[in-house]
Amino acid sequence: MAQRAWAIAALFSASFLWAGGVWAQTGMESIVPQLSGTTADHSKFEVLRKPFASGPEVTQACLSCHTEASDQVMHTVHWQWEYTQPETGQILGKSNVINSFCGNVAGNEARCTSCHAGYGWTDVRQPAPDDPTQVDCLACHDTSGQYAKQDNQAGNPPLDPVTPGAKTITGALAWPVNLSEAAQSVGMPTNENCGNCHFYGGGGDNVKHGDLSSVLFDPPLAVDVHMSSDGANMTCVDCHVTEDHVINGSRYDTNVSDPHADTRAPGAASDVAACDSCHTATPHGNSVVGLKLNDHTDRVACESCHIPAFARGGVATKTLWDWSTAGRLTAEGKPITENGYTQGNGVERGLYLSTKGDFAWGENVVPYYAWFDGNVSYSQPDEAINPSARVEINSLHGDAGDAASRIFPFKRMEGRQAYDTISNRLAFNLVYGPKSDTAFWTNFDWAKSLQAGADYVGDDYSGSYGFIDTYMYWPITHMVAPARDALDCVECHKSDGRMAMIAGVYVPAGGMGLGGKLGILIFVLGALGVVGHAALRMVGVARRKNKGAKHG
Amino acid sequence: MAERLVKVYSRFNRIWHWLQVVLILMLFFTGTRIMGLHTLIPFEGAVTLHTLSALVLLVLWAFATFWLFTTENWKQFIPRYKGLPQVIRFYAWGVFRGEEHPYQKAYHRRHNPLQALTYLALKIVLFPAIWMSGLAYLLYTFWSPLDDQSFWLMVVANIHILAAFSVATFVLLHVYLLTIGGFRVHVRPMISGFEEVEVSAEAEAYFAAEKPERLKAEG
């Protein structure tokens, strides 16, 4: 209580300070504007003003000044693709988990590690290459806009001569990258640097996350109030702050709130990428409704109201992926591609591919809501699943009784994917391999693909497989709408509202509690009593009238 | 003893009553909206109106409580057994047979024993239940750091709703009982302030001499 009182007092004083700051800034404007935001113009460095024959050559040049940069990067998940979840102890990360999209990285490296923050990781059974020059500085720091990673070269860029038909990781036709130009352009990561990988996860634009699509390269205000140039014009790393190349923000260990935001000294460093890190837990103003909205923040994540739907702005997200139907071919034995979903921006998305099976797509998707404390447990490849129920690839921790939990929005991905029907474990696949005779995308043979996938990782596979329905949860944290587009109260405060599945918290209008039932019963009994009493009175009046008439 | 039209409901008393009527109806209308029984107005507007009406009612109650204790009026609500069985018997039996109401209103005792008992219960049980639970709900922010706050919010909300329907049931019965003996006859005093009550000769003389405005001329 005292804390809150202090927070209110601090807010008042902060508003005065802020007013003073605006005045001071206005005074600054008359001074000659700064020409460059940096003290080092990399285009003037001799070591960069030369042609480079490969990515690692550029990195070597970078390391000649930034001597510890590769070491820092090599200690991050961007490099290791491995993460030990602190609560469960599970060893997660791209190199270990099986997801409900492409499944597993192992065996499919050249394609999957095309998004690795390095070069040449061709075998994820081993840690990423130990050579500091294998770190890809340009993926994150190029600002020339013409650096790209080819989609099947284990992270290497397309260089002259580019193989005809080759594609970059965003699916664009590949062009020969000018490494020298890229090296001289380096700067802080832009949305393009992050987006080129993260907007295309799962093999295409917005396939995986739902709230991370190419729309965010230049989003309208209505799609993302932070990233839009009509809004705050922020970059990814404004929130995902970085220390020693460790970038904050994780869906394995999510900050569902930043509990110390309102006690942190103004300007103090914070490495938590939660809404309240900047906005505090009491951002709604002091109107009756504002104060009541503030009462929500200890239970409802900001994202739940302020991201009314995901996959907004014209790019759909994949909502269902059914691998079990993959492999159907034409009479001539050719693979099939069936489009049929036209997304908001006019682009066709596939509904069936022989390589991947059936898909469903969604735009402006209403999230799935669940209690969430930020921790997840994965159905790991070495753990048995229960094939009689839908399997949760990642199950969410948290409940109403836990003060650290919030009601959080998710994309709930529906999958149907291969598992070993004898050991009841999720199966590794081998899908990518243009020249192999076992890869599914080349041979369309599940038996071979799953056997090869198991063999590659040394998994004990029975040879008997089936397909299991799965859910996978993706926290929805991006595409924050302008305040005016936040959810109306009634979206949750009605009987079949968005909180219908949420237990353990009182949601007015969300359903009748014991008090309401009992209260209405009392009222109805009272009303019946009134009706009965009135009826008896009328009978009495009639009877007396009758009597009077007889006597009269 | 004579029946005289005496001003039994002072101006404040009447304002209190009618403002309370308006506010309670408003609270019931907006409250049932908030709990989802109707959707005649937007949820957000209902929350605002409900909160503001409740705050006004609380201020009114503070004034009324002060008024009750600084005037003699609190004594009107002291429960008395005398006459209670007769009044109960009247409502349960006599009223159907066309009997007269057994209670004769007096200036210092304008409520019949059952009425006084009911109003007292309203004042010390139902109203506190509703405003305490309502305030607890409104001031959630101050106790939300407690463990199991969501559970306790559910308890608070259910108590509030149960108390609200109990008040609504009181209102229903209250209005219905006005029809016994004539609705208008019963409502008029709460508008004009004057009601026909039994006044002793001494009291009549006192009013005539000291408070002539409280006594309406006969005829």
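Among contacts in chain B (heavy atoms within 4.5 Å) between residues at least 6 apart in sequence, 69% join residues at least 24 apart. The model is predicted: local features need pLDDT of at least 70, side-chain atom pairs count only at pLDDT 80 or more, and totals for chains, interfaces and linings use all residues. Residues are numbered from 1 along each chain as its sequence is written, chains are lettered from A and ligands numbered from 1 in the order in which they are written, and side-chain values use heavy atoms, with hydrogens and water left out.

**Select chain B.** Its C-alpha trace spans about 65 × 40 × 35 Å along the principal axes. Eight helices and two strands make up the secondary structure; these are DSSP runs numbered from the N terminus, helices being H or I of at least four residues and strands E of at least two. In sequence order the pattern is β-α-α-α-α-α-α-α-β-α. Of the 219 residues, 40% count as buried, meaning under 20% relative accessible area with a 1.4 Å probe and protein chains only.

**Select α4(B), residues 113–138, with α6(B).** Their axes come within 8 Å and cross at roughly 145°. Axes are lines fitted to C-alpha atoms, for helices over the stretch in contact, and angles run from 0 to 180 degrees between N-to-C directions. The crossing is left-handed, which means that the near helix is turned anticlockwise from the far one by less than a right angle. Residues to display include L122(B), L126(B) and I130(B) of α4(B), and V156(B), A163(B) and F170(B) of α6(B). By class, this contact has 16 nonpolar, six polar and no charged residues. Ala, Val, Leu, Ile, Met, Phe, Trp, Tyr, Cys and Pro count as nonpolar, Asp, Glu, Lys and Arg as charged, and the others, Gly among them, as polar.

α1(B) passes α6(B) in a left-handed crossing. On α1(B), the contact is made by H17(B), I24(B) and F28(B); on α6(B), the residues include F165(B), V171(B) and H174(B). This contact divides into seven nonpolar, two polar and no charged residues.

**Zoom to N13(B).** N13(B) lies in helix α1 of chain B and counts as buried because its relative accessibility is 5%. Not counting residues up to four places away in sequence, N13(B) touches V8(B), W67(B) and R110(B). The side chains of N13(B) and R110(B) make a polar contact at 3.1 Å. A polar contact is a pair of N or O atoms within 3.5 Å; within protein, one must be able to donate a hydrogen and the other to accept it, and residues adjacent in sequence count only if both atoms are side-chain atoms.

How values were computed: Buried means under 20% relative accessible area, exposed over 50%, partly exposed in between (1.4 Å probe, protein chains only).
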